[in-house]
Amino acid sequence: MPRARDGEREARRKHRRVDCKLLAQDGESVERSQVETTDGRAAPEESPSFSSSSPKDSTGSDAEDPKDFKDNFRRIKARYAANRPNDAAQVRRESKDCCNLTVETEFCDIDDGSSRSCKAQKVALLASRSVVSLASFSDEKRIRVCSGCVIPSKGTTDTAKILTSATLVRVLNANNSVIPDVKIKVCLPNAHILDGSISMVDFHYNIAVVEVKYDQKLPEAILVSDVIKRGAVLAIGRFYDHGGVMCAQGKLRKEASTFECSELLVSSCRTTMAGVGGPLVNSDGHVVGLNFYREKHTPFISTSVILRCLKHWRKYGEIIRPWLGIKYTPLEMLPIRVLERCAYAGKGLYISYVAKGSPADIAGLCVGDVLVECAGEVLSTAPKFGAMLLDICKEHMEEDTLKGNISVEVVVKKQSDGSIARKTMSADVLSELNYYRWIDPLPVYNEVSEQFMELV
């Protein structure tokens, strides 16, 4: 890996500089060209030459006695040998610190000077004031680097809440649990690094809230409560290592995400893992979603769902939602061969999976049916249905306690005979066993070769 080789070269250069310092302590000088080559690579191992101790002229009076020169050289070598273990240990520590850092990649495509990019830059600068970078650590090793944005909060003025992805603190084996003894660092737009603490984690929708203490009021993002349906968007993030803003422009795509989550939408923005948890903003700079990562597009969860999750957490201390036992996709995102079998030209959600024995199965829903309405409203998007289910759960709460099962009434177009039917599903509360699965690429770390470690 290029970065690993660069780290190895830098560590070699540090080791060489240590050698020079040892020699300089005895009043000896070494030409820089003898320690390092012009292209930055370490010079080959050879006996050092010393301009101050070598003869000026083979016949001149300033020439040093060969015996004195040998004694001086032995003394320098003895001191070098005595200090080498400590210097080698220092280089090893620096190399270990390098190995503990993840390799992150930036993204930005709005610096090409076009009129479109200039407009995008203005929006990005407006929105970036509330965008931060976050890093999670365990045993002094960096686990993940994500982005996030400061959201409105009620409470003390010295505490800020940051919306990000649960990927930041999720264990790497994709289980729904937090990294043991995780520590969170937050990089603000002014490059200040603060300690953060977990305030909320929801592994079903892969979102989290981190709190930080700060003596100044941080700019807060504006979250849109409606589902975005069209228009240009910007995916914004912040790079942890230097604190700079990152931005990618794009537009909404009518395609389904490869994640399990049915409520996800997709934009054409091209980001990296460093942008996970960052905001997706509209042309006004308002947040319409929270970004995740895929190589060729950016899936995001709508703020219409996020805002309701945050309200649940504030009121109940948890997020309460029904388990229906189905997976669904908006009709406009289906390939033509599936639409042909569906034979329905209106708006709705195509049911692609029904769990056996689930509330949907018991109510008579089948794969190929189309959810047309819920609670009297047309189901035009998947996030809208997800938000409606969270609202229905609130209606079943009495003094912060759920009263009985959750009744969900839907209108369905049956694929079997083309009829329109009204169905009622009596659902239980969603349990962790039925959470969506989120699988992200594993972090990549800097490496220092074993050969180099042996040299020091």
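Buried means under 20% relative accessible area, exposed means over 50%, and partly exposed covers what is in between. Keep that in mind as you look through these close-ups of a predicted model.

**View 1. A salt bridge joins Asp241 and Arg142.** Asp241 has a relative accessible area of 48%, so Asp241 counts as partly exposed. In their salt bridge, the closest N and O atoms are 2.9 Å apart. The pair links distant parts of the chain: Asp241 sits in the loop between β7 (232-238) and β8 (245-253), while Arg142 belongs to strand β2, 99 residues apart.

**View 2. Lys161 and Glu211 form a salt bridge.** Here the closest N and O atoms are 2.4 Å apart. Lys161 lies in strand β3 (residues 159-165) and Glu211 in strand β6 (residues 207-213), so this pair ties together parts that are 50 residues apart in sequence. Are these two side chains buried, exposed or in between? Lys161 has a relative accessible area of 21%, which means that Lys161 is partly exposed. Glu211 is partly exposed too, with a value of 24%.

**View 3. Asp369 makes a salt bridge with Lys414.** The closest N and O atoms of this pair are 2.7 Å apart. Asp369 is in the loop between α6 (359-362) and β16 (370-374), and Lys414 is in the loop between β20 (406-413) and β21; the pair links distant parts of the chain, 45 residues apart. Both Asp369 and Lys414 are buried. For the whole model, the count comes to 11 salt bridges.

**View 4. Asp440 is a buried charge with no salt bridge.** Find Asp440 in the loop between β21 (420-429) and α8 (450-455). Which side chain of opposite charge is nearest to Asp440? The answer is Arg294, 4.5 Å away. A salt bridge needs a side-chain nitrogen of Lys or Arg within 4 Å of a carboxyl oxygen of Asp or Glu. Asp440 does have a polar contact, though: its side chain meets the side chain of Thr167 at 2.9 Å.

**View 5. Five residues form a positive surface patch.** The members are Lys154, Lys311, Arg314, Lys315 and Lys394. Which element supplies the largest share of this patch? Helix α4 (residues 303-316) does, with three residues. Lys311 is located in helix α4. With a relative accessibility of 47%, Lys311 counts as partly exposed.

View 6. Now look for Ser133 beside it in the model: the C-alpha atoms of Ser147 and Ser133 are 4.4 Å apart in space, and the two residues are 14 apart in sequence.

**View 7. Leu430 is in the loop between β21 and α8.** This is the loop that you visited with Asp440. Is Leu430 buried or exposed? Its relative accessibility is 12%, so Leu430 counts as buried. Gly325 is 105 residues from Leu430 along the chain, and their C-alpha atoms are separated by 9.4 Å.

Notes. Residues are numbered from 1 along each chain as its sequence is written. This is a predicted model: local features need pLDDT of at least 70, side-chain atom pairs count only at pLDDT 80 or more; totals for chains, interfaces and linings use all residues. Side-chain values use heavy atoms; hydrogens and water are left out. Patches are made of residues with over 30% relative accessible area and no salt bridge: like charges are joined within 9 Å, nonpolar side chains (Val, Leu, Ile, Met, Phe, Trp, Tyr) within 5 Å. Accessible areas come from the Shrake-Rupley method with a 1.4 Å probe; for residues, only the protein chains shown count as cover. Lys and Arg count as positive and Asp and Glu as negative; His and the chain ends are not counted. The place of a charge is taken as NZ of Lys, CZ of Arg, CG of Asp or CD of Glu. Helices (H or I, at least four residues) and strands (E, at least two) are DSSP runs, numbered from the N terminus. Buried means under 20% relative accessible area, exposed over 50%, partly exposed in between (1.4 Å probe, protein chains only). A polar contact is a pair of N or O atoms within 3.5 Å; within protein, one must be able to donate a hydrogen and the other to accept it, and residues adjacent in sequence count only if both atoms are side-chain atoms.
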